[in-house]
Amino acid sequence: MAAPRDYESIPGTYVYDAERGRVGYHLNMFCMSLNDPKNREAFKADESAYLDRFPLTPEQKESVLKRDWLGMLKVGGNIYYTIKIAFCDGLTFQDVAGMMCSMPKEEYAKMMMAGGRSPEDNRYKEEAK
Amino acid sequence: MARIVGGIACSHVPAIGAALDKGNAGNPYWKPYFDGTIPAREWLAKIKPDVAILIYNDHANALSLQMIPTFLMGTAELFPVADEGFGPRPVPPVYGHPKLAWHLIENLILDEFDMTIANEMPVDHGLTVPLSVTCGQVDRWPFKVIPLCVNVIQYPPPTGVRCFKLGQAIRRAVQEFPEDLRVVVYGTGGMSHQLQGERAGLVNQDFDAMFLDGMVNDPQKLTKLTHTEYMRESGSEGIEMVMWLAMRGALGGNVREAYRFYRVPTSNTASGLLCLEPTE
């Protein structure tokens with residue numbers, strides 16, 4: 001049996017576990033609501049008012065309004081859910097991935113074309129650059 | 001008697017579906033990928049399955065965080081295509097096989113796999129992309145499909161060894177179904193990828209090559225991988241590969257590799273496609 005939460009030693013990774021699930025539930029359920037076209041319209045018409053329908057923390061609400069994709073993960077966002085906001089904005093997964101690791105879109109696309117981000121020096125927080 | 005005649009491991013990257021749906025499959029980015037899928041399509045057409053058991057994960061479409069079943073099987077006659085936030089994919093609806101699905105559920109539960117039962121649900125790209133990859137753009141899918149959803153969204157997903165044993169139980173149950181049916185099993189998702197955080201874009205080709213070899217020759221070795229090893233080595237979402245092990249378990253001891261294809265990148269992901277035939 002692996003040590004509990006030993007994945008916390010992986011750099012740049014926010015595993016959606018019990019700890020994050022406990023705080024992220026409503027944020028992620030807001031994201032899921034955007035599957036409904038009527039809700040997408042309502043969100044686009046007045047983002048702040050639409051977000052107030054959900055019991056979010058101020059930090060969660062702010063991260064959505066600012067489209068702080070990395071910040072959303074830090075306040076309980078689950079990428080499979082937060083990506084719904086990006087789809088609503090007309091962004092692609094790759095757009096968001098680039099923004100989460102602070103890489104310009106072209107640079108990120110180039111990295112993927114060249115075989116992706118290497119796991120070398122990227123397995124443990126202490127070795128990551 | 002029903003029998004399992006093939007296994008397919010296939011990535012379910014949503015961009016693959018979008019490329020097909022928008023007519024971009026022939027462009028320079030996508031052509032090498034789709035060219036690589038042709039032999040799998042030809043192989044599957046020769047295998048002529050009546051039914052597929054398709055193991056995948058839902059992406060916040062049929063299921064939400066409200067209730068999170070670890071293993072769920074769909075018993076419906078018809079599964080509509082989900083609107084995932086940008087309208088449903090323009091692909092045919094998916095016809096199920098309620099009789100076999102209920103048989104599997106009864107047998108799996110009595111065999112100690114506590115399945116959740118879904119009598120109605122939409123299916124998302126996790127299920128329809130592997131169908132598109134292996135059947136092409138069709139007016140009607142050429143076989144019935146039984147969806148089997150695995151939770152990989154809320155940590156922890158079931159372990160690799162648990163998924164492998166589920167596959168073995170599926171094999172036993174299929175073999176006890178009295179009708180003469182040809183069944184294929186899909187394990188979908190993967191291969192190495194990370195969609196989140198500062199480490200997004202991770203691809204580990206050595207890990208993927210090891211995993212593809214293990215799927216053919218030594219799945220027992222793969223069942224020993226821990227969740228943290230998957231995430232550290234193959235990216236946080238590489239953990240989806242536990243679903244491949246469920247397929248492998250359903251094929252029995254020895255298999256013949258009919259086709260293998262691997263490509264980087266497919267959007268943010270290393271994609272793999274593996275066609276296996278049971279030899280026992």
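**Figure 1. Helix H1 (residues 18–33) of chain A packs against helix H6 (residues 79–89) of chain A at an angle of about 45 degrees, with 8 Å between their axes.** Here an axis is a line fitted to C-alpha atoms, for helices over the stretch in contact, and angles run from 0 to 180 degrees between N-to-C directions. The angle makes H1(A) oblique to H6(A); under 35 degrees counts as roughly parallel, over 145 as roughly antiparallel, 65 to 115 as roughly perpendicular and the rest as oblique. H1(A) passes H6(A) in a left-handed crossing, the term for a near helix turned anticlockwise from the far one by less than a right angle, with right-handed used if it is turned clockwise. On the H1(A) side you will find A:Asn28, A:Cys31 and A:Met32 making the contact, and on the H6(A) side A:Tyr81, A:Thr82, A:Lys84 and A:Ile85. Two residues are in contact if their C-beta atoms, placed from the backbone, lie within 7 Å. By class, this contact has 4 nonpolar, 2 polar and 1 charged residues. Ala, Val, Leu, Ile, Met, Phe, Trp, Tyr, Cys and Pro count as nonpolar, Asp, Glu, Lys and Arg as charged, and the others, Gly among them, as polar.

A note for all the views: this is a predicted model, in which local features need pLDDT of at least 70 and side-chain atom pairs count only at pLDDT 80 or more, while totals for chains, interfaces and linings use all residues. Residues are numbered from 1 along each chain as its sequence is written, and chains are lettered from A and ligands numbered from 1 in the order in which they are written.

**Figure 2. Chain A has 8 helices and 0 strands.** Its pattern along the sequence is α-α-α-α-α-α-α-α. Helices (H or I, at least four residues) and strands (E, at least two) are DSSP runs, numbered from the N terminus. The C-alpha trace of chain A spans about 45 × 40 × 20 Å along its principal axes. Of the 129 residues in chain A, 38% count as buried. A residue is buried if 20 or more other C-beta atoms lie within 10 Å of its own, exposed if 12 or fewer, and partly exposed in between, with C-beta atoms placed from the backbone. Among the contacts in chain A with a separation of 6 or more, 53% join residues 24 or more positions apart.

**Figure 3. A:Asp121 sits in the segment after helix H8 (105–113) of chain A.** Look at its backbone: phi is near 55 degrees, a positive value in a residue other than glycine. A:Asp121 is exposed, with 11 other C-beta atoms within 10 Å.

**Figure 4. Chain B meets chain A through 34 of its residues, which are in contact with 42 residues of chain A.** Helix H8 (227–234) and strand S9 (255–266) of chain B are the elements that give two or more residues to this side of chain B. The largest share, 4 residues, comes from H8(B). By class, the residues of chain B on this side divide into 13 nonpolar, 15 polar and 6 charged.

**Figure 5. Chain B holds 9 helices and 10 strands.** Its radius of gyration is 17 Å, close to the 19 Å that the globule rule gives for 280 residues, so chain B is as compact as a globular protein of that length. The radius is taken over C-alpha atoms, and the rule is 2.2 Å times the number of residues to the power 0.38. The C-alpha trace of chain B spans about 45 × 40 × 40 Å along its principal axes. Buried residues make up 57% of the 280 residues in chain B. Of its contacts between residues at least 6 apart in sequence, 83% join residues at least 24 apart.

**Figure 6. B:Ala60 lies in the loop between strand S2 (51–56) and strand S3 (71–74) of chain B.** Phi of B:Ala60 is near 60 degrees, a positive value in a residue other than glycine. With 24 C-beta neighbours inside 10 Å, B:Ala60 counts as buried.

**Figure 7. A cis peptide bond joins B:Gly190 and B:Met191, with omega about -5 degrees.** B:Met191 belongs to the loop between S8 and helix H6 (205–217) of chain B. Another view takes in the peptide bond from B:Val264 to B:Pro265, which is cis with omega near -10 degrees. B:Pro265 is found in strand S9 of chain B.

**Figure 8. B:Pro178 lies in the loop between helix H5 (160–175) and strand S8 (182–188) of chain B.** B:Pro178 is exposed, with 8 other C-beta atoms within 10 Å. Its C-alpha atom is separated by 30 Å from that of B:Val81, 97 residues apart along the chain.
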